[in-house]
Amino acid sequence: MKPLMQWMLRPGADAPKATLSIRLMAGWVFFWEGVIKFVFVNQGVGRFTKLGMPMPEMLAPAIAVLEIVGGLCLIAGLLTRPFALLFIGEMIVAILSTKISLYLGTSPLALPPVPPQTGFWAVMHEWRSDIAQLACSLFLLLEGPGPWSLDASLRSSTRQASRPTPMPTTHGGSAADRSHAATR
């Protein structure tokens, strides 16, 4: 369990610098989706109610807070892997709860305004942002936030703080040399 936790908190400094672009894009989308759930009831509690989600009055605001906080953390590169894992779960639930019924033509949500409105092609069109967010989150989970992140900065400063400082020498040579000379 400890190695898994260490891996989840490791910044993945060998990730490409372009990882920053993926963090910014995914974090931006999650942040604004969270805000929208508070601003428009039909996108928060109303949507969760129509979809038959349990306790929509509690679940919708909780998901909105996750998206706002998690989105900002992705942007900053803070706790990137844990939030990416949470977002993977969220996106899987979002896809399963909305796209299966769209495929079957039984969606409680409004159908797309123009054809295709149900079936395979409707799902292929409507899940584009869901699948993009899922892919970005999976990438961030596997690669980490990259070198330009708070995770990397915090890890670097923690490593520097935990390094022992060398003992100053007064008579030339190392402390080990002086100790060895004293025992002769």
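**Entry 1. Overall make-up**

I counted the secondary structure and found 9 helices and 0 strands in the chain. Helices here are DSSP runs of H or I with at least four residues, strands are runs of E with at least two, and both are numbered from the N terminus. Read from the N terminus on, the elements go α-α-α-α-α-α-α-α-α. I note that this is a predicted model, in which local features need pLDDT of at least 70 and side-chain atom pairs count only at pLDDT 80 or more, while totals for chains, interfaces and linings use all residues. I number residues from 1 along each chain as its sequence is written, and side-chain values use heavy atoms, with hydrogens and water left out.

I looked up burial for the chain: of its 184 residues, 33% are buried. Buried stands for under 20% relative accessible area, exposed for over 50%, and partly exposed for what lies in between (1.4 Å probe, protein chains only). The chain exposes about 11,400 Å², and 70% of that comes from carbon and sulfur atoms. Such areas come from the Shrake-Rupley method with a 1.4 Å probe; for residues, only the protein chains shown count as cover.

I then took the contacts (heavy atoms within 4.5 Å). Among those with a separation of 6 or more, 71% join residues 24 or more positions apart.

**Entry 2. Nonpolar core**

I searched for nonpolar cores, defined as sets of buried Ala, Val, Leu, Ile, Met, Phe, Trp, Tyr and Cys residues joined through side-chain atoms within 4.5 Å. The largest has 22 residues, and L74, F83 and F87 have the most contacts inside it. Two or more residues of this core come from each of α2, α4, α5 and α7. The largest share, 6 residues, is from α5.

I listed the neighbours of L74, leaving out residues up to four places away in sequence: R23, A26, G27, F30, T80, F83, F87 and L140. I followed A26 from there. A26 sits in helix α2 and is buried at 0% relative accessibility. Beyond four places in sequence, A26 contacts L74, Q133 and C136. I also took the C-alpha distance from A26 to G70, which is 10.0 Å for a pair 44 residues apart along the chain.

**Entry 3. Salt bridges**

I searched the whole structure for salt bridges (a side-chain nitrogen of Lys or Arg within 4 Å of a carboxyl oxygen of Asp or Glu). The search gave 2.

One of them joins K37 and E67, with the closest N and O atoms 3.0 Å apart. K37 is in helix α2 (residues 19-39) and E67 is in helix α4 (residues 56-76), so this pair ties together parts 30 residues apart in sequence. K37 is buried at 15% relative accessible area, and E67 is buried at 2%. Apart from neighbours within four places in sequence, K37 is in contact with Q43, G44, F48, A60, I63, A64 and E67.

K99 and D130 also meet in a salt bridge, at 2.8 Å from N to O. Here K99 lies in helix α5 and D130 in helix α7 (residues 128-143), so the pair ties together parts 31 residues apart in sequence. I checked burial again: K99 is buried at 11% relative accessible area, and D130 is buried at 12%.

**Entry 4. Surface patch**

I looked for patches, which are made of residues with over 30% relative accessible area and no salt bridge; like charges are joined within 9 Å and nonpolar side chains (Val, Leu, Ile, Met, Phe, Trp, Tyr) within 5 Å. I92, L96, I100, Y103, L104, F120, W121 and M124 form a nonpolar one, with about 860 Å² of accessible area together. At least two of its residues come from each of α5 (80-104) and α6 (120-126), and the largest share, 5 residues, is from α5. I looked up F120 as an example: F120 is in helix α6 and is partly exposed at 45% relative accessibility.

**Entry 5. Backbone exceptions**

Most residues other than glycine have a negative phi, and most peptide bonds are trans. I noted the departures below.

The peptide bond from P115 to P116 is cis, with omega near 0°; P116 is in the loop between α5 and α6. M55, not a glycine, has a positive phi of about 45°. M55 lies in the loop between α3 (45-50) and α4 and is exposed at 55% relative accessible area. L79 has a positive phi near 55°. L79 is in the loop between α4 and α5 and is partly exposed at 37% relative accessible area.
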